[in-house]
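Please open the model in your viewer and prepare to select residues by number.

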Amino acid sequence: MFGVEHPIAQGGMMWVGKAELVSAVANAGALGFLTALTQPTPEELTKEIARCRDMTDKPFGVNLTILPSINPPPYAEYRAAIIESGIKIVETAGYKPQEHVDHFKEHDVKVIHKCTAVRHAVSAQKMGVDAISIDGFECAGHPGEDDIPGLILIPAAADKISIPMLASGGFGDGRGLAAALALGADGINMGTRFCATKEAPIHENFKQAMVEADERQTKLIFRTYRNTARVATNAISEEVVKLEREGKPFEEVAHLVKGQRGLEGYESGDTDRGVWSAGMIQGLIHDVPSVGELVDRIIDEADAIITQRLAEMAS
């Protein structure tokens, strides 16, 4: 459907989904997404799309996430920039995407919508999206408010939808890919694992922090504001959780979680500068390979599991 070789996608990631990473994913035969809102203006997004095209001749897409924001961006203008740049694959996420889906479909853009609940996946299918990315509780970023892990969420969604589906949240190796296929998905979507690669445009300190962390080193913030986000455990996320437990309103934590602080951390190497997204998959990250090495490894592992271990059990 999307013209890629492997059933692996690199979803949108704030400050990380740039041309360096996305082109490497595309060149490895997987599906990468530039993150629209990482670019400060729609005009800059147009330039980033062009820069990515200079680095790969393979398909890639753009992520457009619609979520509550301290300063809401001009979504319609970003959408127009995507369409006018000739992008034919978009990953959408967030609230009430119908307007965006309709506009993209009018211009023959294929849409993958990221969902955190089966009911949202069913709604997205009715909206006319081409594929679903179902995001389990293990994921980095926004896991929703239902707290359903992938082992249940993926097959539950597969039972209800008929369009292709990516499994997202907690994936980083061939075991995960084989498991996702067994649970009814058609491929996997990875975020955190792609951050710990040579091409990811973030400071090496963050990559090493993911290697050193285990599966327990994340925090759920914004729970009390009904906008839960899973981020890495650090001084800032611990402070946010403390303030929430004290019943503080969002206004009293906003200065800690500004996106600019996270960006400054990624650039300076200060892992305690701001909050930064990380999933439970940290517990399965043990090195920082190139994107090409990672994708090849995942495919080889999954193939061996399916054709050897599982085949032997079935014989």
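The charged end of which residue sits over the ring of Phe137? Select Arg230: its charged end lies over that ring, 4.7 Å from the centre. A charge sits over a ring if NZ of Lys or CZ of Arg is within 6 Å of the ring centre and within 35 degrees of the ring normal.

This is a predicted model, in which local features need pLDDT of at least 70 and side-chain atom pairs count only at pLDDT 80 or more, while totals for chains, interfaces and linings use all residues. Residues are numbered from 1 along each chain as its sequence is written, and side-chain values use heavy atoms, without hydrogens and water.

Rings of Phe, Tyr and Trp (its six-membered ring) pair if their centres lie within 6.5 Å; planes under 30 degrees apart count as stacked, over 60 as edge-to-face and the rest as tilted.

Select Phe206 and Trp276, an edge-to-face pair with 5.0 Å between centres and 80° between planes. Phe206 lies in helix H9 (residues 204-212) and Trp276 in the loop between helices H12 (259-268) and H13 (291-314), 70 residues apart. Helices (H or I, at least four residues) and strands (E, at least two) are DSSP runs, numbered from the N terminus. Phe206 is buried at 1% relative accessibility, and Trp276 is buried at 6%; buried means under 20% relative accessible area, exposed over 50%, partly exposed in between (1.4 Å probe, protein chains only).
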